[in-house]
Amino acid sequence: MAAAAAFITVAAAWGLPSGFAAAERGALASLPSGVRASCFGHLDRTNLDTIEAHLVAPGDNAAARQRRAGVIGAALLRRIVCTHPGKRAARGPTDASTVEHVLSLHTLPPLVAAAAAAAVASAGCPVPDAPPPRTWLELLAQFRAAALSDLPRLWSLVEAAPWLSYIPVQCAACGQPVLDVTIPGEPDAAVGLREVEPTAEERLLLRAGYFRGPRGPVSFQLDCTSCGV
């Protein structure tokens, strides 16, 4: 229900007519089945242009194209919103205890731990001698203490925390980063990286993508060039 309400709010902000859902269905139904199947899998610029091209009608003016763009945008937004419940169901229950267990699993690398400690210091943690957080769960606990039951304050701390910052792939032992972009001609071996066969458990979560070049659904093993771990 919340997702649907958010979708309707965004659609209204776009100024779409009240019957936009019917227009959306009509626009998508007019796409050839092959286009629907291929373009909606990966919504890059090329596929969006393909969708637009298949919906062009002879004699369209700028206003018609703008309305059609709104219809397509609404359809794509609805698709994105509707995929989230399916992902959540496929990954199993995510109650508070499960989330906290995941947050406690790994010790933070040094650079991330330093950023977490700085976040706690800026939050004004009420325990002056509190040790620097060693895991994400400890960071969350210190944020809760700093927020003093003020939920909006807690959310502001969470949203500004380093766990929402971009963190490059790095050695779990020393924090040595692995650059996402490659120097021309630099192989993976130069940074201690190699592809390995995924385990049965990993294979369920892997997808093809792009990391230092196009990849299939593989796992990586890092032999750190800095600390040797």
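Guide: In this predicted model, a contact means heavy atoms within 4.5 Å, and of the contacts in the protein with a separation of 6 or more, 52% are accounted for by residues 24 or more positions apart.

Visitor: What makes the pair R215 and E195 a salt bridge?

Guide: The definition asks for a side-chain nitrogen of Lys or Arg within 4 Å of a carboxyl oxygen of Asp or Glu, and the closest N and O atoms of R215 and E195 are 2.8 Å apart, so the pair meets the cut-off.

Visitor: Which parts of the chain does this pair tie together?

Guide: R215 lies in strand β3 (residues 214-215) and E195 in strand β1, so the parts that are tied together are 20 residues apart in sequence.

Visitor: Why is R215 called buried, while E195 is called partly exposed?

Guide: Buried means under 20% relative accessible area, and partly exposed lies between that value and the 50% above which a residue is exposed; R215 has 13% relative accessibility and therefore counts as buried, whereas E195, with 41%, falls in the partly exposed range.

Visitor: How do you know that R194 and D223 form a salt bridge?

Guide: Their closest N and O atoms are 3.6 Å apart, which is within the 4 Å limit, so the pair qualifies. R194 sits in strand β1 (residues 193-196) and D223 in the segment after β4 (219-222), 29 residues apart.

Visitor: Why is R134 called exposed?

Guide: Exposed means over 50% relative accessible area, and R134 reaches 56%, so it counts as exposed; its salt-bridge partner E138 has 22% and is therefore partly exposed.

Notes
Residues are numbered from 1 along each chain as its sequence is written. This is a predicted model: local features need pLDDT of at least 70, side-chain atom pairs count only at pLDDT 80 or more; totals for chains, interfaces and linings use all residues. Side-chain values use heavy atoms; hydrogens and water are left out. Buried means under 20% relative accessible area, exposed over 50%, partly exposed in between (1.4 Å probe, protein chains only). Helices (H or I, at least four residues) and strands (E, at least two) are DSSP runs, numbered from the N terminus.
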